[in-house]
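Work through the following exercises with the sequence and the model side by side, and try each task before reading its solution.

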Amino acid sequence: MDFQSCVNIKKEWDIVGARQLGRDISRKIGFGTVDQARIATAISELARNIYLYAGTGKICFEAVDDMNHKGMSIVAMDNGPGIKELSQVMEDGFSTSGGLGAGLPGVKRLMDEFDIYSEDGKGTEIKVIKWLR
């Protein structure tokens, strides 16, 4: 199972589309309903951040299968303004949008691996992986 699908994030409705596709892929990989919900929540947060802060970007999904375990990789990328204070956005409760502030720390907790790369003025790329248990 080595497929990659991407959803462009341009309007608010695309967040729903990304969430739905991600949930469908996670089901096909074999995740249970609880992990499907975790994955869908993480996707919502990543897609919403693209929509709110970068305007446009995309989220790509890929089934991951190494020798030891299977999982799902999600990459969110944009060419927005970038994140100036990475350490600040990774603090629990930090929000620039007045939201609940689960934000990126929440995504990190929901997933098993979390990598973020952001360059001021050039955009952000976040890669997360959830492993099948």
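**Exercise 1.** How many residues does the largest nonpolar core have, and which of them have the most contacts inside it?

*Solution.* The structure is a predicted model, in which local features need pLDDT of at least 70 and side-chain atom pairs count only at pLDDT 80 or more, whereas totals for chains, interfaces and linings use all residues. Residues are numbered from 1 along each chain as its sequence is written, and side-chain values use heavy atoms, with hydrogens and water left out.

Begin with the term itself: a nonpolar core is a set of buried Ala, Val, Leu, Ile, Met, Phe, Trp, Tyr and Cys residues joined through side-chain atoms within 4.5 Å, where buried means under 20% relative accessible area, exposed over 50%, and partly exposed in between, with a 1.4 Å probe and protein chains only. The largest such core has 27 residues, and those with the most contacts inside it are Leu46, Ile59, Phe61, Met72, Ile74 and Val128.

Two or more residues each come from β1 (4–9), α1 (12–29), α2 (33–54), β2 (57–65), β3 (70–78), α4 (103–110) and β5 (123–131), and the largest share, six residues, is given by α2.

**Exercise 2.** Locate the disulfide, and state whether each of its cysteines is buried or partly exposed.

*Solution.* A search of the whole structure for cysteine sulfur atoms within 2.5 Å of each other finds one disulfide. Its partners are Cys6 and Cys60, with their sulfur atoms 2.0 Å apart, and the link is right-handed, with 105° about the S-S bond. The pair joins distant parts of the chain, since Cys6 lies in strand β1 and Cys60 in strand β2, 54 residues apart. Cys6 counts as partly exposed because its relative accessibility is 39%, while Cys60, at 3%, is buried.

**Exercise 3.** Which residues of α1 are buried, and against which elements do they pack?

*Solution.* First take the helix as a whole: α1 has 18 residues and reaches 27 Å from its first C-alpha to its last, close to the 26 Å expected at 1.5 Å a residue, the expected span being 1.5 Å times one less than the number of residues. Its buried residues are Asp14, Ile15, Ala18, Gly22, Ile25, Ser26 and Ile29. They lie on the same side of α1 because they cover an arc of only 110° around the axis, taken from the directions from the helix axis to the C-beta atoms.

The face turned away from the buried side carries the exposed residues Trp13 and Lys28.

Note on methods. Helices (H or I, at least four residues) and strands (E, at least two) are DSSP runs, numbered from the N terminus.
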